[in-house]
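Please look over the chain shown here.

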Amino acid sequence: MTTLDEIDRRIIHELQLNARITNQELADRVALSPSPCLRRVRRLEEAGILTSYTAVADQEALGLPITAFVRITIENHQPEVVDAVEQHIRSIPHIVEAHLLAGDQDYLLKVVTSSFVAYEQLVRTQLRRIPSLASVQTTFAFGVTKPMTPLPLG
C-alpha cells in the first residue's frame, strides 16, 4: 500500500488517539459501515502502517518520575561494534526510546528512573558498559509540555 486516502488517514488518526476504540465506534467516526472499516484496518496492519497497539502508562504514578535525555558518542563505528552497542541499549529496560543520530553524538536515549540516585546507578552499572563508549551527556526534563501526539497525516 503506497497511497492512503482520507478515510485511511482518519482511521489512523482515531486509532492513534484511542487504540481501544471499538470497530463500531471507529466506523461511525470515519463514516463507514463496520465491515469495510475493519477491512481497512486489517489492510493497514498487513501493509505495516499500523504496527502495534499499546497502552500509555503514567510514569509518575508508576514511581518513575525522572526523565533523562542522554546523548552518547561511541569511538568505533565498525558494524559489529554498532550492533553490540544497539543490542546493549535494547537490553536496558530503563531506556524507553533510542534514536540513531546524525551530528556530533551517535545516539539519543530517553531514560526513565525512580530517582536521581537510581539514574546515577544506571550510568555507573549499565550505560558506562556500552561497547566503545566515548562520552555520555545528560539533560533532565522538568516536565512534559507536549505529550506524544498522533502523527500529522495532512
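Predicted model: local features only at pLDDT ≥ 70, side-chain atom pairs only at ≥ 80, totals over all residues.

Residues are numbered from 1 along each chain as its sequence is written, and side-chain values use heavy atoms, with hydrogens and water left out.

**Fold and shape**

The protein chain has 5 helices and 4 strands. Both are DSSP runs, numbered from the N terminus: helices are H or I with at least four residues, strands are E with at least two. Along the sequence the pattern reads α-α-α-β-α-β-β-α-β. The C-alpha trace spans about 55 × 40 × 25 Å along its principal axes.

The table lists values for the whole chain.

| Property of the protein chain | Value |
|---|---|
| Radius of gyration (over C-alpha atoms) | 20 Å |

**Cores**

In soluble globular proteins, nonpolar side chains tend to be buried together. A nonpolar core here is a set of buried Ala, Val, Leu, Ile, Met, Phe, Trp, Tyr and Cys residues joined through side-chain atoms within 4.5 Å. The largest one has 19 residues, and L109 and L127 have the most contacts inside it. Strand 1 (66-74), helix 4 (79-90), strand 3 (107-113) and helix 5 (116-125) each supply at least two of its residues. A second, separate core has 11 residues, including L15, C37, V41 and L44.

What does L109 touch, not counting residues up to four places away in sequence? Its partners are A68, F69, V70, I72, I89, I95, E97, A98 and L127. Contact means heavy atoms within 4.5 Å.

Buried means under 20% relative accessible area, exposed over 50%, and partly exposed in between (1.4 Å probe, protein chains only). R40 lies in helix 3 (residues 34-46). With a relative accessible area of 18%, R40 is buried. Leaving out residues up to four places away in sequence, R40 touches D5, I7, D8, I11 and L32.

L17 sits in helix 1 (residues 6-17). Is L17 buried or exposed? At 52% relative accessibility, L17 counts as exposed. L17 and T149 are 132 residues apart in sequence, yet 7.8 Å apart in space, C-alpha to C-alpha.

Conventions
Rg over C-alpha atoms; globule rule 2.2 N^0.38 Å.
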